[in-house]
Amino acid sequence: MDYKRLAEIYGECWSGEAGEWNSSLSNKYLEYMITKFFEENFTVKPNFDILNIGIGAGYWDRYLSFKVPEGSLTSIDIDRECADNLDLCLQNENNRERVTILCDDAITYRFDKKYDVITMIGSAVDESGNAEAIIRNAVSCLKEDGALYLQMICDKEGNDLKSIMDDLDVEKETEFSDDSYGIPCRYYKIKGHGNKKRNRQVLSDLSPTR
Ligand SMILES: C[S@@+](CC[C@H](N)C(=O)[O-])C[C@H]1O[C@@H](n2cnc3c(N)ncnc32)[C@H](O)[C@@H]1O
């Protein structure tokens, strides 16, 4: 185990700007709200397969890893350091959950399976530089009854989300916005294709036949 690198990783979280932000009330509030929306709106069964796009410091990935003791978590980040740091920290923390860490571009990466839940929180969508492409790729690897958790820091429905969802034939099930502590945030639960398909079936069953 590279203990020198590990010491640097934990040190970086609590020094300078990162330390000031991580220990702030705004950050604690944001982390609480991100987790609250998730727990109140998403059902996660122990055998679910979850995909998280955008690891950053990896706090969210650690949380998710404990939600699926009989399933799996896949975490992807384009930044090699984020992927390697999470890998080293999970080893150090003796995390025994099934976590696969990928270092790749979530816009173009071809995932080899479908997921029950996909999450993209914080600045992941924004930092990708192409909201439509990253959401499109995420939706394409959702199971029919899966759900995508999108959480973004933005003051309006950013990036023309509605037209992206219409185009992808998926819909929002729940949304919430909040600007406490001067941080404008939006939270969405987006359902996989199965939901819209069923709704269309119900409508066609209800329509009068001649
Ligand atoms: C600041 S983090 C947010 C991390 C975490 N979700 C959170 O809220 O704590 C955003 C991450 O998205 C990653 N990212 C940006 N574009 C990406 C892409 N195209 N594919 C995969 N990861 C990407 C960045 O490298 C960065 O680590």
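User: Helices (H or I, at least four residues) and strands (E, at least two) are DSSP runs, numbered from the N terminus. With that settled, where does Leu 73 lie?

Analyst: Leu 73 sits in strand E2. This is a predicted model, in which local features need pLDDT of at least 70 and side-chain atom pairs count only at pLDDT 80 or more, while totals for chains, interfaces and linings use all residues. Residues are numbered from 1 along each chain as its sequence is written.

User: Thanks! Is Leu 73 buried or exposed?

Analyst: Leu 73 counts as buried because it has 26 C-beta neighbours inside 10 Å. The cut-offs are 20 or more other C-beta atoms within 10 Å for buried, 12 or fewer for exposed, and partly exposed in between, with C-beta atoms placed from the backbone.

User: And which residues is Leu 73 in contact with?

Analyst: Leaving aside neighbours within four places in sequence, the contacts of Leu 73 include Ile 50, Asn 52, Leu 64, Glu 97 and Val 99. Contact here means C-beta atoms, placed from the backbone, within 7 Å. Glu 97 is 24 residues away from Leu 73 along the chain, yet their C-alpha atoms are separated by 8.1 Å.

User: How about Glu 31, where is its place?

Analyst: Glu 31 belongs to helix H3, residues 25-41. Glu 31 is partly exposed because 16 other C-beta atoms lie within 10 Å. Its C-alpha atom and that of Met 1, 30 residues apart along the chain, are separated by 29 Å.

User: On to the core. How many residues does the largest nonpolar core have?

Analyst: The largest nonpolar core has 41 residues, and those with the most contacts inside it include Ile 50, Ile 118 and Leu 148. Strand E5, residues 142-153, gives the most to this core, with six residues. Such a core is a set of buried Ala, Val, Leu, Ile, Met, Phe, Trp, Tyr and Cys residues joined through C-beta atoms within 7 Å.

User: What does Ile 118 touch?

Analyst: Not counting residues up to four places away in sequence, Ile 118 touches Leu 51, Ile 53, Ala 138, Leu 142, Gly 146 and Leu 148.

User: Switching to the ligand: which residues come nearest?

Analyst: Of the 22 residues around the ligand, Gly 54, Gly 56, Asp 79, Ala 106 and Gly 122 come nearest. A residue is near if its C-beta atom, placed from the backbone, lies within 6 Å of the molecule. Helix H4 (59-65), strand E2 (72-77) and helix H6 (124-128) are the elements that give two or more residues to this shell. H6 gives the most, with three residues.

Terms used. Contact = placed C-beta atoms within 7 Å.
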